[in-house]
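Take a walk through this structure, one part at a time. Keep the sequence beside you as you go.

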Amino acid sequence: MADTTLTHTGQAQARPAGLQGVAADWSSDQRAFKNVSWGKAMMWIFLLSDTFVFGCFLLSYMTARMSTRVPWPNPSEVFSLHIGGSDIPLILIAIMTFVLISSSGTMAMAVNFGYRRDRRKTAILMLLTAALGATFVGMQAFEWTKLITEGVRPWGNPWGAAQFGSSFFMITGFHGTHVTFGVIFLIIVARKVWRGDYDTGRPGFFTSRRGNYEHVEIMGLYWHFVDLVWVFIFAFFYLW
Amino acid sequence: MVDVTPADAVPPAEVAEMELYHPHSWWTKYVFSQDAKVIAIQYSATATAIGLVALVLSWLMRLQLGFPGTFDFISPEAYYQFITMHGMIMVIYLLTALFLGGFGNYLIPLMVGARDMVFPYVNMLSYWIYLLAVLVLASSFFAPGGPTGAGWTLYPPQAIMTGTPGGQDWGIILMLVSLILFIIGFTMGGLNYVVTVLQARTRGMTLMRLPLTVWGIFTATVMALLAFPALFVACVMMLFDRSLGTSFFMPAIVEMGEQLQHGGGSPILFQHLFWFFGHPEVYIVALPAFGIVSDLISTHARKNIFGYRMMVWAIVGIGALSFVVWAHHMYVSGMHPYFGFFFATTTLIIAVPTAIKVYNWVLTLWRGDIHLTVPMLFALAFIVTFVNGGLTGLFLGNVVVDVPLSDTMFVVAHFHMVMGVAPILVIFGAIYHWYPKVTGRMLNEAMGQFHFWVTFLGAYLIFFPMHYIGLMGVPRRYHELTNTTVMTESAHDLNAFISIMAFLVGFAQVVFLFNLIWSIRHGREAGGNPWRATTLEWQTPETPPAHGNFGKELPIVYRWAYDYSVPGAKEDFIPQNVPGSFGSSREPA
């Protein structure tokens, strides 16, 4: 990763490998994570904190599901679509998952082209990622609409435990909000890439700080995280 | 500890100079400022302002407890609202905000040798969202039905039911929204503090050369970033229970003869989420206090801190352990007995690193050149108060002792000693210590002495009798107990005594506030380093430090933060940015 990770100094340092390297870094001055910029460190720590948010949401949902005395609706039936004369279980969720994971692929490619200073490809791939993300949110809206027309509400549903609807809307809603924010920031960063802000060192509108192509990677970290969280939601909510 | 870098062996700078946003107008300099020092003062002032509201609420509570039946305007509903708002404001909006937002913002960049926090704009947003949270919270006093009266723990189901003040009105909603905002705002600041400590130290500043203040604030911030999510989730879910009619925390329940629509939720789940946040929160407040008090003691006893490495590992150890003790707040909630056993064990294990810290403070004082300045008095008072509060913690940490004491005034006395009075004493000490750096002038000594003695002795006169009436079985959170058997004549007299002491201590704080304002103009000129301290914030070219903290060149750190009374040194202290080893082969500084 050494060549794709920007350092502020531009010079690689000779450091011991393995555990000794970790100890050397942590006992050194200035930085505990050598060659990790402030922005990237901040994103990683934020994601750690956000992991605890999603962890608490999912644990609460599992507690509710395990402790309720009313039967839990069967996800295979609830989340099936009637296509071509038969009910296909989880088909929409499968497509959504496919779309979101694909968007991680395009994001990774955008990061690569960003470090190659290929403005056009980077921006296009980021916008493609945003489009896939927006598609995901759109399909989620469709799923919500379908369930709501079938009578699912946060406070109850026709098939069983009321906590099904509550947890479903809360967790997918919270995740969908994350995706939506991601899409917005993808578009903002893509615009900066397209306009060449990172080549000309144009200061940010709010922060008055100059950015660089590492922003694409930091954006990618967030995006992959949101993607990974979805895998857990998919496993614990839909497959359980 | 020999930890001195030779002058020619300082590592090269790894990070380019930080680009600062230089304000163009009065608004961007003093109001929408991105300077961590201005943000720190904004945080502190806001926290103090809302803290004064909580202080007045405590007086109102003491009026009712000390003289029941005398004050008609304190209805049972109002009394519950006072308790709730007093507790929540003091714990979250005052202590957490003041230690992390106030001291963290001011001291971290100065102490690690940085120009500012790594992302000043985000840091500024953190304050404004905190202010919004405070305003939302304060607005609940004026909302229909008043603020929530659910107790600061906000336990469902009662928190959102009709009988509780604010339960079916605006009170609980505003409280939950305010907490959610606070957490969002805090996260923005907290990420800054952590990254600044980890990635923006100056040349020569290793983690093991950080002043313990930074270690305390840093560890507390990491804990807050991991503990607040649980409260965030709990708030979101309770907000849905209240506003959308979901049943995350609401079991099937009959209210005033009517079956509610709720059913199937788990009130215990809320308690787990709340205390998974709530217990680390105790140490989020305590660890910065531990760190600051270490520095105060070392500086004012002119002696290096005893067992620096142990102090650091004790802070980190306490931080880690505090995540596995939360259910000791729930011994009477209904848990598997083995859970109680587990959580009692982990709770008592925390006593080990804590005791290490207390011993190290005492050993730092041992044969030190103790200057009984006002900050030192507060630091010494903290040690005894913390030991006292900690000892009653051993009672409450054991299941069998906790069960009869739970929900008595003993618990109130315990946590006020250990996480109310003790950290507040450190905050006072720290303000007397760093005020000269912030303003360039010393706080008035006579007023300081008065403030200290009234606060310190008064706090004991308030809370020691409270342990006693708790042991007699007087429960907490009761509006009035005059005609019951637990409320004996003597307990009642003590209650009146406690109330009078509470008013006295409260008024001493007015003297303190006056001192803060008076000394800005009339205090003695302090100079750059009035305490002759070693850490970097005292070595700035200007006092108060300018935007960017250190003038043209960032300081280079050659030694740890505690070189006091070094044999052979010119003065009895060597600042961290002074090169050369002292003793037999002494280099010119």
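Predicted model: local features only at pLDDT ≥ 70, side-chain atom pairs only at ≥ 80, totals over all residues.

**Helices, chains and a loop**

The angle between helix H3 (residues 76–112) of chain B and H7(B) is about 40°. Their axes lie 10 Å apart. Angles under 35 degrees would count as roughly parallel. The crossing of this pair is left-handed.

Now look at the residues that make the contact. H3(B) brings Val91(B), Leu95(B), Thr96(B), Phe99(B), Leu100(B) and Phe103(B). H7(B) answers with Glu281(B), Ile284(B), Val285(B), Pro288(B) and Ile292(B). Sort the residues of this contact by class, and you get nine nonpolar, one polar and one charged.

Stay with H7(B), and turn to another partner. Helix H7 covers residues 267–300 of chain B, and helix H9 covers residues 337–365 of chain B. These two helices pack at an angle of about 15°. Their axes are 9 Å apart. H7(B) and H9(B) are therefore roughly parallel to each other. Here too H7(B) takes part in a left-handed crossing, as it passes H9(B).

Which residues of H7(B) and H9(B) make the contact? From H7(B) come Phe290(B), Val293(B), Ser294(B), Ile297(B) and Ser298(B). From H9(B) come Lys357(B), Trp361(B), Thr364(B) and Leu365(B). By class, the contact of H7(B) with H9(B) has five nonpolar, three polar and one charged residue.

Next, find a loop. Tyr155(B) sits between helix H4 (120–139) and H5 of chain B. A buried residue would need 20 or more. Leave aside residues up to four places away in sequence, and Tyr155(B) touches Ala150(B), Pro267(B), Phe270(B) and Gln271(B). Now trace the chain from Tyr155(B) to Leu513(B). These two are 358 residues apart along the chain, and their C-alpha atoms are separated by 35 Å.

Chain B also meets chain A. In this meeting, 43 residues of chain B are in contact with 40 residues of chain A. H6(B) gives the most, with eight residues. This side of chain B has 27 nonpolar, 12 polar and four charged residues.

Chain A has eight helices and two strands. From the N terminus on, the order is α-α-α-β-β-α-α-α-α-α. The C-alpha trace of chain A spans about 65 × 40 × 30 Å along its principal axes. Chain A has 240 residues, and 35% of them count as buried.

Finally, turn to the record. For residues 43–240 of chain A, an unreviewed UniProt entry lists "domain: Heme-copper oxidase subunit III family profile". Over residues 43–240, chain A is 75% helix and 4% strand. The end C-alpha atoms of this stretch are 31 Å apart.

Notes
Residues numbered from 1 in each chain as written. Chains lettered and ligands numbered in written order. Axes fitted to C-alpha atoms, helices over the stretch in contact; angles between N-to-C directions. Parallel < 35°, antiparallel > 145°, perpendicular 65-115°, else oblique. Left-handed = near helix turned anticlockwise from the far one by under 90°. Contact = placed C-beta atoms within 7 Å. Nonpolar A, V, L, I, M, F, W, Y, C, P; charged D, E, K, R; others polar. UniProt positions renumbered as here; feature names shortened; annotations may be inferred. Buried ≥ 20, exposed ≤ 12 C-beta atoms within 10 Å, placed from the backbone.
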